Structures are given as C-alpha cells and as structure tokens.
Amino acid sequence: MTYKPGQYETMIKEYHGDVRIIASFDEDKILSIETQEYSQNSDIGHRAIQILSEEIINQQSTDVDTVTGATTSSKNFIQGVNNLIQEAQGKDTNVQINLKDGVYQAKVPSYSWAGMLTVETVLKDNQIKNINIIEEHDSLTGEVAKSAFEKFIPRIIEKQSIGIDALSGATTTSNAIKSAVSQAIEEAGGNINNWTTSEQKSDDKLILKDYDVLVVGLGGSGILSYCSAADEGARVIGIEAAAKLGGNSTMVNGPMVLNSEVMMDQYNNGEPYIDPDEVMDTWLDYLESDEKADIIKKAVYESGTSIDYYINNFDFSFDGLFPSLFKSEWDKIYTFYKEDDDSFNIFGTNKTYQFERAINKAKAMNEKNDYLLETKGIELLFDDDHVIGAKAQSSDGTTYEIYAKSIILATGGFIGNPEMMDKYLDGPSNYIATALSNGSGIEMGQSAGAKTYNIGVPPMVHIKQMPYLIRDDEILSNEERKILYGLALTSLELSITNEGKRWNPLTDISYAPNYKYYVVYTEEQLEEFSQNGIPRTYYEKGDISLIQNLCSNMPIPTPTPDENDRIKVDNFKYIIQMGIKTNNVHAFHSIKEIAEYLGANEDALSETLKNKETIYYLFTVSAYAYGTVGGLDVNSDFNVIKEDGSPVANLFAVGQDSMGVENNEEKIYTPWGGQAQSYTFVSGRNAGQNAAKYAKK
C-alpha cells in the first residue's frame, strides 16, 4: 500500500460537535491520527475516537470493530479515516455516488438527558427531500431544540448539505440531526463527502446608524432593557448570538416578586404579603457589607414594581406565589412564569413565547426598531474614548457596524468561556446554560475601562450530576442510568474532594474545589451490591424521569435505606464498566493511585480512607451551572464603573454581566429564591429607561 507522504485532514459531524481528523502518512504507513474536537461536553464518543485511533495505527487498517456503546461515533470516525486513506492514495474521495431512493430512519443521541432523537430522512432523485422528527425528548430538556427543528432542518434541505454550520445556541440538536442524515446517506449507498459542502460566507460589511440604544444580547435582561428603552421613545436595535430569544431566562421558574400590586390583588386580598425591610436587612447581613446598598435597595423594593411594569406594558404573565427555601416564614416571595398551552420542560413552563411577544411589541413602537438573531457582538466602537457603538458579525459572515448613543451589555456572563472561568473562578464547570454566554459583554466593558465587581462569586448551581451525561441508549438504558446516577448522588456514602478531604454532599457543590466531588466505594461494597442489589433509595435518587432539574443541589438527604428493600441488578457489573468507559467512574488499586489522579496529599487521603488498602471506585459528581454571577461594576443607574470610580455615561450592564453587585465572592449567590431572575427585571427596566433618557438629552 503506497501513500503520498504528507498530512491530510477532514471534518466529521458528530451530534456533540465537529471533529477534525488529521492523519499523517509516509510512503508505507499511517504515522499518526490526531483529532481536534469542538464539543460542549465530551462523552463516550471522545473515548471511542481515542480507542479507534490506536487500533487503526496498530493494524494499519480501518477494518476494526466499532466501540461498544458508540456505534454511530465509531462509524463516522472510521469513514473519515477511510476518506483520508483514499486521499493519501491519490484517489478522488468526491466521486459522485447516486443515492438509493427511500425513507431512512435513525435514532441518535441528542441534547436531551432522557431519551434519544429519532429522525426520518426522505431521499429521492439524489436529493434530501425531507427530514422529519419522529420522536424527540429535547423539548423536555429545555426550549432551544425548537429553533433547530424549525430553522436548521430547512437549511439542510435548501443547501443539500450536512456541512453547514450548526444553529447558534442549538448546536447539539443541530449536530444530532446532521448525524442522522449522515447515516441515511450512508445507508443509501452515498459518499458522505458529496454532502458536506460548507456554506459560502458573506464578506458584506453593513453600517446601521441613527439608533438611540443598542442592546448587545437578547436573553431575559437584554429583552427587558430593549422593551423599557422602546417604551421611553428610543430607537432601539438589539443583537443576539443565538438563533432564538430569551437566553438563560428560559431556563428558570420565575422571579422574586415583593409586594407586586398584581400579585397582591390576585393572591393576597390586595394586601402586602412580605416585609421588604426584613428582606433588605437579611440581604445585607448575608453579604456582610453595605457597599452596594443602593443597588440592593432597588433589587428589593423594585422587584414587585418592575414585574408589574412588564405585566401591564408588555403582557408578561405569572402564576402563584411560592415560599423561600431559605426562610420558611417568607411563605410568599417568588412567582412562576405562566404557560400559554400547558407546555412544560424540566425547567418549568415554556416561556420563550413571553419574551418573543414582549420584544415584538416593543419593536412595533417605532418603525426604526429592529433586532438581529444569530449575530454576535465582537467589540465596542470608539470615537477617542467615547463609546459610539459596536461591531457585530452574523452567522452568514456579514459584518455590522452599529452606531448608537447608548449601549447596554446583556450577554449572560462567562460560563461558556473556559479561560475566564480559569482566570476568575475555580476553573470551568459543566453547565446547562448556553455556551454563547462567553464573557463577550464583560470584555467589551473592560475595553471601555470598566472594572469588575465580585467577579469571583461561585457560579449559580441548582443541579449536580455525573459529569458526562449518557444520552445514548446503546450505552445504558434509562433504567440502567438510574443505577449509575443513584450510586453517585446518594448522600450516605463517603465523599471526598480532589484535595483528598472528606466532603459533605449536602453542602452546596459550588463550594467544592473545581465544582466537583467523588463518592467512594470499595470493591467489596460494589460486589455486595452486585450480589444482593442496591438500596431502593439509591435507585430512586438516580431516577432520570423524576429528577426535577436533573437532581437538585438542594440539601435533601438520601433517606436511610431499608436493608430488606433492594433493587436486584442482573447486569450491575456491566453498568459500572460503562461508568468507567464514559469517564464518570474511576477504578484505583491503591490509595497512592488515587492521590496521584486527584493531585491530593497521599497522607491526608490515607487518613480520610482510614488507611484501608483495597480497590476503590470513585464516582464523579459535577456541578451543572446556570451561569456565572460576578461581572462588571455598575452604579444604581446601571452605568458601568471605570477603575477610577467614574461612570461610563452611555454604557450599561444588566443581568449576569453585572450581578456581582448584589452578591459576595465568599458565598454562593443570595439564596432566598428568584432573586437572580428578579435582577433581570430590575436591571433591565432601569438600564433601558436610563439609556433612553441619556440618548435623548
């Protein structure tokens, strides 16, 4: 077998993201296979690629078995390497092969935690004629999948390619659809290379000017800013990197709402239902500081009036008043978004429609008003030191220069930026928020001389789970996942941090080093579970269908198990093995091995493990964050503050881009319920109004 020496590369489409394969050849053999992955969360597909790379190099052939539990990923990777081998042999890998007409169905892992995505691809006359979603669980896991179903599928059909970019903000669902269509093409006898044409990007440069207010980011706080600015008579334009509106605000139940007139009338006979002075005092006591008391006062006393403003002017609707988990005597403190059609997901009611309805009402207030989706802010524009607008880029490549008298930063914090997470926090965290929350707003503010405030507040976490969620039924079924997850999420077993110290699982995981801990089992314990079954309470703790936000991080202990009430698991050892293969479980033959893996002090770890030498299994538990908390410093008008303490008069920051002002870096964000979402309403209303007033001076 003779090759043309050199390095060859190709891109394959995986449900979790693109994977670039780079293979090097000399005249006689494959020298190396490297990959670059662009995924939000790694999974067993990553391990499959590592295993297959080694086997192909060792055998100098792609005639290797697929990796158990990762059939789709294995096939995609093997096909990709085959293409590179043919290219190195001088063969044309783009030879047109006609497809066999038919209706092809594929079941692929996708965004959902509770089930796979079933896609039907209709191929006729050598074209992708239709793509139908037969069964999906993605919509039960959030509100982002809808945009992929409605916007991304037509793009594949229009472009006749699976090489187009995934939809911004719905990457995992988009890539799952690509994977299913790819399987259909392969099953129809096609050559995948014929169907991976990339989109031609535009080099257009457009100038948009004569705006009063530019809002960068159209999640909750950005939309609320847009609405209040438009209501003040401003000409407003908004940009959003995602293909849908609402951002992280569509992943919460609802806001704190103190003595809203609407809520008082509906739920408390027109009477106040909570003492705001007590909430204010409790808040400042918790922070152990009154440095930002003026902003805290707004957060407390304007929570109800801000909600009323958006109910009365932009048709927001809420349902009920609910008690604080922090203080039981606060029996009415926050409310839930109201659904429009009894539609729910694990984050509560579907609420994107409320944000869409509001911004479209605001857009209609002035013929100049507009907003652009799939358009990300890149940098601020300056005239000397004065901020005059922002540069942005659309997913189609179009570059915009947008000029406005006031700019509001509302980009959702920096949970999706590993470098910033390393710089300001305890490293990256798993997250359920959008990866588009990458700190761009904070960096824009800093380019204008803005300083940060409490940027080291631990991320917002209500959820903990194993770090690599198993979405593929070929790996483990839902019932099998309950076993694995339950063993990790129990609060009854010994748990340790990566420092080798004992950890209390009922403590908020945001305080754990690197936002993770490990549940420790000995080989003897797991053998006993294999023989006699696991306690039912462990099994129920891991029930994926009942987890309510993927297992809450609230301090709810696992009930003491009844030794006579166990779940017998015939394939228990297989489940543990899959835990190891997916990198969720790690096996060690000595305390020294564990210490080396964790980077812990061996003596301290040995003391924690009572000097018992045996085979240990560590089940990893990771935080899943909604987003970061700390951000830019702002004053009570929500102007960003420079290092010298002066405000940038026409630059504002709202939501997670500035929420550090109501928190403390040494503690988790204020815990009484709904206050983070309330801050989106209070900061959005104030910033929008103030930005409009400044622009109209």
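Predicted model: local features only at pLDDT ≥ 70, side-chain atom pairs only at ≥ 80, totals over all residues.
1. Residues are numbered from 1 along each chain as its sequence is written, and side-chain values use heavy atoms, with hydrogens and water left out.

2. The mean pLDDT of the chain (the predictor's confidence in each residue, from 0 to 100) is 91, and 95% of its residues reach 70 or more. The pLDDT is below 50 over residues 38-42, a stretch with 14 contacts (heavy atoms within 4.5 Å) beyond near neighbours in sequence. Residues 545-551 also have pLDDT below 50, with 18 such contacts in the model.

3. Helices (H or I, at least four residues) and strands (E, at least two) are DSSP runs, numbered from the N terminus. Strand 4 (residues 102-108) pairs with strand 5 (residues 117-124) in the antiparallel sense over seven bridges; two strands pair if DSSP finds at least two bridges between them. Here Val-108 is opposite Leu-117.

4. Strand 5 also runs antiparallel to strand 6 (residues 127-135), joined by seven bridges, and Val-122 faces Asn-130 across this pairing. Two residues lie between the strands of this hairpin, where Asp-125 takes a positive phi near 55°.

5. Helix 5 (residues 220-231) packs on helix 19 (residues 675-695) at about 40°, with axes 7 Å apart. Axes are lines fitted to C-alpha atoms, for helices over the stretch in contact, and angles run from 0 to 180 degrees between N-to-C directions. Residues in the contact include Leu-224 of helix 5 and Phe-681 of helix 19.
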